[in-house]
Amino acid sequence: MNLIIGILTVFVGTIGGYVLEGGHIQVLLNAAPLEIVIMGGTAVGGFIIANPAVVIRRTGRGCVLLLKKAKYSKASYIELLCMMYQVFKLAKTKGLLVLEQHIEHPHDSALFGQFPGFQSNHHATDFFCDYLRLVTLGSDKPYELEALMDEEIEVHHSEDAAMVGAVNSVADGMPAIGIVAAVLGVIHTMGSITEPPEVLGRLIGGALVGTFMGVWTAYGVIGPMATSMRQILEAEAKYFQCLKIGLLAHLQGFAPSISVEYARKTLLSEVRPTFIEVEEATSALPAPTA
């Protein structure tokens, strides 16, 4: 929704101001379609040349995020904290080995089935269960697992950064691509130098539309899209940071309620539940069973 509102605001503010100051909208309308073809084709071609197929696919999915509401809400994080509390409590009362059946088949697990939002998140369940599996196999040194978790999170961060960088590269290149379109317009104009002044004026105005559109789309649309995408991906990464901190606290021997509190503290303020909200939610959970 923000993307649509923002683009409409940019369009109305720019074009509306141009019309109100007496600008000739017909010149823009006549030149814009061809400029879009030239600039759009160049930008898309350069994007394909610059990025491997996997980044192109991920960038497409990343752009879709701009049209959706936030993936994780406060309710999502309350569910996540309750899930960790239930798992840690089960491990404390019945031992780590009882978790094996759940972490080997998390999408069929009755334990994780209590938390459908988490269970349907394949990336998150794999992350959580992989480290629980390592713990059950005997890798119980928190500092070693922390280093490994940081490395895995960094891999995902670099993949997200590649998407944002790809979009930013398009934004950085658009002003220059606009100049290319303008130069082509000037070449066309010079080929019509014998035309009367009113015709030459329209041709020159049309050529300058390329420069205008390059700068306008770079700083008014594509650049802000890259910034928004980065902020969305960074906010989503907190989900995994929360899992990491909760697991590490559990490995250090803290009670489930303390481990969950450590995890809660890592969340962004707009989605972070209060201590009381988490306590009420965990108190309402049924007793964990194997």
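I began with Arg 133, which is partly exposed because its relative accessible area is 24%. My cut-offs: buried is under 20% relative accessible area, exposed is over 50%, and partly exposed lies in between, with a 1.4 Å probe and protein chains only.

A reminder to myself: this is a predicted model, where local features need pLDDT of at least 70 and side-chain atom pairs count only at pLDDT 80 or more, while totals for chains, interfaces and linings use all residues. Residues are numbered from 1 along each chain as its sequence is written, and side-chain values use heavy atoms, leaving out hydrogens and water.

**Salt bridges**

I looked for the partner of Arg 133 and found a salt bridge with Glu 104, whose closest N and O atoms are 3.0 Å apart. This pair joins distant parts of the chain, since Glu 104 sits in helix α5 (residues 100–104) and Arg 133 in helix α8, 29 residues apart. For the helix names, I used DSSP runs numbered from the N terminus: helices are H or I with at least four residues, strands are E with at least two. Glu 104 has 43% relative accessibility, so I noted it as partly exposed.

My rule for a salt bridge is a side-chain nitrogen of Lys or Arg within 4 Å of a carboxyl oxygen of Asp or Glu. How many salt bridges does that rule give? I get seven.

I then turned to Glu 159 and Arg 58, a salt bridge with its closest N and O atoms 3.4 Å apart. Glu 159 belongs to helix α9 and Arg 58 to helix α3, so the pair ties together parts 101 residues apart in sequence. I put Glu 159 down as partly exposed because its relative accessible area is 26%, and Arg 58 as partly exposed because it has 24% relative accessibility.

Next came Asp 150 and Lys 244, a salt bridge whose closest N and O atoms are 2.4 Å apart. Asp 150 is in helix α9 and Lys 244 in helix α10, so to speak two distant parts of the chain, 94 residues apart. Is each partner buried or exposed, or in between? Asp 150 is partly exposed at 33% relative accessibility, whereas Lys 244 is buried, with a relative accessible area of 5%. I also saw that salt bridges with shared partners join Glu 104, Asp 130 and Arg 133 into one network.

**Thr 59**

I found Thr 59 in helix α3 (residues 53–65). Thr 59 is buried because its relative accessible area is 4%. Leaving out residues up to four places away in sequence, Thr 59 touches Phe 47, Met 163, Ala 166 and Val 167; contact here means heavy atoms within 4.5 Å.

**The cores**

By nonpolar core I mean buried Ala, Val, Leu, Ile, Met, Phe, Trp, Tyr and Cys residues joined through side-chain atoms within 4.5 Å. The largest has 43 residues, and Met 83, Met 84, Phe 118, Phe 128 and Leu 243 touch the most other members. Which element gives the most to this core? I found that α4 does, with eleven residues. Apart from this core lies another of 29 residues, including Ala 31, Ala 43, Val 164 and Ala 218.

**Helix α4**

Last, I checked the length of α4: its 21 residues should span 30 Å at 1.5 Å a residue, and the end C-alpha atoms are 30 Å apart, which agrees. The expected span is 1.5 Å times one less than the number of residues. Just after α4, Gly 95 takes a positive phi of about 95 degrees.
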